[in-house]
Amino acid sequence: MRPPPHPRGARTLFQRVYGVVALCGASTLAQPLTLTPEQAPPAVADKQDAQTPDRVHLSGWLGSRIEANATNRLEILDTDRLLEGYRHRPGRQAWDGEHVGKWLHAATLAWAYTGDAALRAKLDETAAELCRCQLADGYLGTYLDRDRWTEWDVWAHKYNLIGLVTYMRYTGDLSPMPTCRRMADLLCDTFGDAPGMRDIIAAGHHVGMAPTSVLEPMALLYRLTGEPRYLEFCRYILRAWEQPNGPHIVSRLLAGDGVDKVGNGKAYEMLSCLNGALEFYRTTGEQPLLDATLAAWRDIVANRLYITGASSYCELFHEADDFPNNNNVGETCVTVTWLQLNAQLLRLTGEARFADQLEHVALNQLLGAQQPDGSAWGYYVQMEGKKPYSAALDGHCCLSSGPRGIALIPTFAVTTDGDGVVVNLFDPGVSHLTLRDGTPVTLEIDTRYPAEGQVRIVVRVAGPHEFALKVRVPDWCTHSSITPEGATQGPDGYTALRRVWTSGDAVELHMQLSPRIVLGDHLNRGRAALCYGPLVLAADEGLLASVHEPLNALALPEEDAVSVSPAPAPPDRSTWPGAQVFRIAATTRDGAQAFTAELVPFADAGMAGDDYRVWIPLAGEPNANLLLAGVESRSREGNVAGSINDDDLRSIVTTFDGNIAEEDWFAVTLAHPVTARRVTFTHGKNFHDGGWFDTSRGRSRVQIRRPGAGDWTTIGELEDYPPTTAAVGQHDRLTWSDRQFTLRLEEPATFTAVRVVGTPSYGDNPSQAFSSCAELQAFPD
């Protein structure tokens, strides 16, 4: 049953931002696009086709986000800012040169989708202006001559090639070809393993993975031109990976090493290299490249994938099952290259498991990084905190990456393969496809997915024709049905109906949407996350205001007592016509008060600037931290915005404000009294100019405020805190960084607030002093 409509007269956020007309009709292009043909055809044919975006038009949740990406971001972005670093070298930042190529790639796909004439004119002018910025020797980076090939300029050439090659293939305008050839020729003339040539591994960061990711566009340019030296340059990159100073990408993955052992584990650059490896595999058919990439994929899915589809923190792959909720989690550049990798593997293998990952990352982490109106993006989009939306490119590589991920969705949402047509993502819309035998087929999809699990697909053909219609039954779905009868499960993981189709024939897929509780482990032990169908849900503090409970007070009852009821989202949260909130039976951390809370999809969590959280504590967890329901504070606001009462030891705060202070404190205040026998203070981080407590003037003290009292009472000291001074040496500081210090009480203490007080340090800068804290906890044992 469909949820009831919004009250009459209530304009939803969707209507305010997009208007009330349908978003996605047919493209305004006069004729279907035909890609510029390649001169060197690939050795490996795709098993599933990449569609040109003008063939697939979506009008549901995904469709609204794709449209917003085009109209509210790509079409209005200031291209003078994109070109600034080329017109006036050097750019504002070391990687300033990457933005224009990323924009050309995303904007070309968006133009192919919308057919917008103004966007096409902007594309033409930007591509032409970028070409005019090329130097006489072919260099198209943002560095001064003396600084060439030292940091990110090979990287910028990569994105310029990707953007311009995409532009040429989709528009048919080959005027940038001389620019691309000169760039590629310069790279071939500069880097190599012959005497006197530069080592490309040394030309950039992250054990050479940044510069060698140029493999992807060089393979594309080889196929577009047929120029043999571009193919040989790709082979040189593969050899460079295995040099003594190289990242050993292929060899380590084939040997069974995890991705954290490849290069320096830098996720964005490694995934970029693997996308290049797949493009080269498509070009030449060299099987070890596919095998190595599949090994990386299996390792990431099994060991390093966050519940939302993010796959790194601090921009690196770490040890298996190491998933802090904060600490620069979920870099959007990583999210987009992970999406690209799965799209590439889907094309090359035709296997539904990669489409499962595409749905997972697209509906959760990718949309979660995009501001719902499409105007801004988040850099690190974590499992809790605030969404760091920004529209300014300065310092934000992810703001030009995110739109690429959204613009790629129509290329794989609905497509074709050797058997017929394939539905990978469920969004309403119309897809005009061409079978490999040349037969036109139109699919009309009607659904409110992911708000509902019913999908109706109507086939339109000129005359009776036999082919297979494949649908992906998601891996989260345990109960589904499809009509008409006769569908079979294939080895590729798809459910297929093969028959002679006539125009108007319909297929109905029913998937049971149901809640799933995921119990946390490792760093999330004692917590749980809730999913509903394909969606990861999150608590949003803005929705808790109606029940007068802070986010830290929210807890889930016992696992078997969790219930979830979808309901229409309130107008100010309705980002698309099917937007929902999910009502759950919740409780306070101490179990003293039960109430109904509303969760939202992670993609919409924090959209109004409020704090959100994916992993929610379980009520009644034995020996749980008693302070999680409290409100934290500190003596000075500081310059690091983490948290000290989230049970995440990697999320820190400081009191740094550039001033001297005689005393610092970190506190948590509770709405109701608790009784504890143990208080634990976790030190944050040592900086060159402070961050620890100076114990030469007395040990750090633990103080409480008893119920009904206004004054603080000292109940003990952190006796295991090491001896320090305000200016203790670097070596000594590092030996105890991130340690926990505990006060154990002989008799339990009851309080409504607790704090740790100490003297801040100044390190090598005595004109100021500050301290830091990762966590303040209290336990009943």
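How many bridges join β12 to strand β13, and do the two run parallel or antiparallel? The views below come from a predicted model, and the opening one takes up this question.

**View 1. Strands β12 and β13 sit side by side in an open sheet.** Two bridges join β12 to β13, which covers residues 495-501, and the two strands run antiparallel. Within this pair, look for Gln489, which stands opposite Thr495 of β13. Strands of a sheet pair through backbone hydrogen bonds, in either a parallel or an antiparallel way.

**View 2. Five strands make up the open sheet.** Reading across, the order is β5-β6-β10-β13-β12, and the pairing is mixed. At the edges are β5 (414-416) and β12 (488-489), each of which pairs on one side only.

View 3. Asp189 and Arg229 are 40 residues apart along the chain, yet their C-alpha atoms are separated by 10.0 Å.

View 4. Cys397 is buried, with a relative accessible area of 7%.

**View 5. Cys477 is also in no disulfide.** Its nearest cysteine sulfur, that of Cys531, is 14 Å away. Cys477 counts as buried, at 12% relative accessibility. The structure as a whole holds zero disulfides.

Conventions. Residues numbered from 1 in each chain as written. Predicted model: local features only at pLDDT ≥ 70, side-chain atom pairs only at ≥ 80, totals over all residues. Heavy atoms only, no water. Disulfide = S-S within 2.5 Å. Buried < 20%, exposed > 50% of the residue type's maximum accessible area, 1.4 Å probe, protein only. Pairing = 2+ DSSP bridges. Helix = DSSP H or I, 4+ residues; strand = E, 2+ residues; numbered from the N terminus.
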